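Student: I am new to this structure and would like a close look at one part of the surface. Could you start there and then lead me inward, step by step?

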Amino acid sequence: MEKKEEMEAYKPSMIRNSIRIVSISILICLYVASAQAASEISVEPAYQKVLQGDIFTVNIYIGPVDEPLLGAQYELYFNNTLLQATKQTKGPFLTQDGAPSMIITDVINNTLGKTEYAEFRTVAYGVSNPGILATITFKAMEPGISSLNMSRINTILSNESGEGIENVVLNNGSVEITETHFNISGFVNYNDGSPVYNPNVTITNVNTSEVFTAETNETSNYYLVLTNFAHIAEGDILLFYASDSFGNSTEFDHTVTQAEMDASGFEQHISIFIPDITPPVITNISIISITKNSATITWDTDEPSDSLVKYGTESGNYTESDFNGSEVIYHSIVLSELTKNTTYYYVVNSTDASNNSAQSVEQTFKTFDEILISIGDAEALIGKNVTTSIIISNIINVGTADISLVYNQSVVHVTAVDSSDFDILDATIDNSSGITRIGAIQAASPGLTGDIILANVTLRALGSGGESCMLNITITELKEASPEEISIPVTTQNGTIVIIETTPPLVTNPAANPPDIPEDTDFYPKWGETSQLDITVTDDSGIANVTINLTSIGGLPDHLMARISGTDIWTITINASKGTALCHNETYIPHNLTVCATDIFENVNTSVSIPLTVIQNGDVSNNGEVGLYDSLYIRKYVLGKPGFETINERIGEVSGNGMVSLYDSMYLIKHVLEETGYEMLH
């Protein structure tokens, strides 16, 4: 009875167990069948270990594939504190057979810690071989373990019908991030070595724009920045900025090296320059090398600084300046294009690198008048001596002079050098080479100033009359009488010696063409009323000018004649004024027009005259008067009457038309009879 009861009690339990076993068996069968048929999408590698700051990738891998696929998409989540996704790169899975595909979605959202990707083939048939759908690139930001989980809802594989495949197996992954450190530290000091306590130090990564503020404290000049490889990389440019509590600061760049990455940081000491507020001290202002148009000003400073001279011709009014930006302690500025013999007022100024400036009190200097060394021109007869002086003008404090006089030894010789204002004078005369060297020294007294005679030079003329040669001065030395050897700039003015002679020019061949002309009664010389006067003039030394006295025919007493080019003939074209005809006993007397020829030495020859006969206009009968007979003579000449074959047409042409005709006969009758309109003969 008890066993039966036990069996009855056990029976329901056994039934329940049998049902459970059957159910489990069915599930196992279903699972096995599903596992054999399902497609998979995986994160590969499923696990990896990286360093903080590393850039790494994971692949989204599809396979195995239970039926051809036309498209795939996934949505993958990660810990956005530990990781940052930077990009997704298309893989070869959907284009493994060369067919094209299209990316529908490619989204990275680091705020949510999510990436989305969808890609579909643009053909009607799918692919079956496994492969990489996409590659995701991450940067490891913080230490820890981040899962890489795909969303079951939004991770889909599509078949050739465009339908999502069921029972897709998702194989997620994870990444473990190992902590890294990158430390930057150092000490902040002033440039004099004293510490900067509690400095303000910031470091900006120029590549990422991240700013790191250093740890400091009030009792130390040490600073420390703690970061890691996620924020610093090899090649990054770091901008350091450090300042003290007084506002003094410094700034500089540093490029991170691989060695510093390997060492997990580096040490960088910083110097802050103490501001310089002290201006330079100016000393030893000097003015040297003064000339007629320039001066050099020098001075010293106790620290490197630039050089500025401000100057002008009125006290306190500095209208000009010269500047040199080089920072030096020995300063020199050359002032140029100055006005000679002028007082200038100036100050010097120097500014250091910290923009501290110092300026001197006003100083003055005076430019020289133009210093000139010259030799006077000279003239001498052949074989005679002449003395000329070598003068130094506007000189100040000259102590020594060494010059050479160079000349043509075939024209002139030097016979003596003497009479100097210097204490000591010596000379070497070398007429064979045409050089005389002259040296002078001021020994017993201060240097000479003003206009002084270096030497008197006696020259003997050797050449021919009219010859000349230059007297050229070359300077070997001209220096001040001072302990410092200071050269004096000077301008040379050379001279000339001319060999003179006393023979006047030779004057020959006087000629007037034509030899006679009528008076110019209407003051307007026309045809037949002018004559060309010619004279031949020669001289060995050269002709200065030739004039002719025309007063007797109404002209100037010294009218210049012109030389016909390439000849020795001098010429002039003239006319005779009314009333200048000379007649005696019914005969015209010629004017003797005196020629005055002057050579370059002012030797004059007035011994030759040019004869010119002036006849009353219309007096063709040459009897000294104009009457009706002259009109008759013209008429018969024109008509060719015997006994009237010749006539001076220049005299007979009275009407001014350039030819002799009956009109001239008529015109002359009316003139003689004093008819109105015929008062003037032409």
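Predicted model: local features only at pLDDT ≥ 70, side-chain atom pairs only at ≥ 80, totals over all residues.

**From a surface patch to the strands inside**

Tutor: Happy to! V638 sits in helix α3, which covers residues 628-639. With a relative accessible area of 34%, V638 is partly exposed, because partly exposed is the class between buried, under 20%, and exposed, over 50%.

Now let's go to a part with much more cover. Strand β8 spans residues 131-140, and eight of its ten residues are buried, so the rest of the structure largely encloses it. Two strands pair with β8. One is β3 (residues 55-62), which runs antiparallel to β8 and is joined to it by eight bridges; here N59 has T135 as its bridge partner. The other is β5 (residues 83-90), which is also antiparallel to β8, over seven bridges, with Q84 partnered by K139.

Strand β5 also leads us to some charged residues. Side chains of opposite charge can pair when their charged atoms come close. K90 does this with E119: their closest N and O atoms are 3.8 Å apart, forming a salt bridge. This pair brings together distant parts of the chain, with K90 in β5 and E119 in β7, 29 residues apart.

E75 and K114 meet in a salt bridge with an N to O distance of 3.9 Å. E75 lies in β4 (residues 69-77) and K114 in β7, so this pair, too, spans distant parts of the chain, 39 residues apart. E75 is buried at 8% relative accessibility, and K114 is buried as well, at 13%.

For a contrast, look at K479 and E485, whose side chains form a salt bridge at 2.0 Å, N to O. K479 counts as buried at 13%, but E485 is exposed at 63%. Returning to E75 and K114, shared partners tie these two and E116 into one salt-bridge network. The count of salt bridges comes to twelve.

β35 (residues 491-493) is joined to β27 by three bridges and runs parallel, with Q493 as the bridge partner of S374.

Let's finish with a sheet you can trace strand by strand. Four strands form an open sheet in the order β15-β14-β17-β18, paired antiparallel. At its edges are β15 (211-213) and β18 (249-255), each pairing on one side only. From one strand to the next, the twist averages 20°. Within this sheet, β17 (residues 237-243) and β18 are antiparallel partners over seven bridges, and you can find F240 opposite F252 in β18.

Notes
Residues numbered from 1 in each chain as written. Heavy atoms only, no water. Pairing = 2+ DSSP bridges. Axes fitted to C-alpha atoms, helices over the stretch in contact; angles between N-to-C directions. Buried < 20%, exposed > 50% of the residue type's maximum accessible area, 1.4 Å probe, protein only. Salt bridge = Lys/Arg side-chain N within 4 Å of Asp/Glu carboxyl O.
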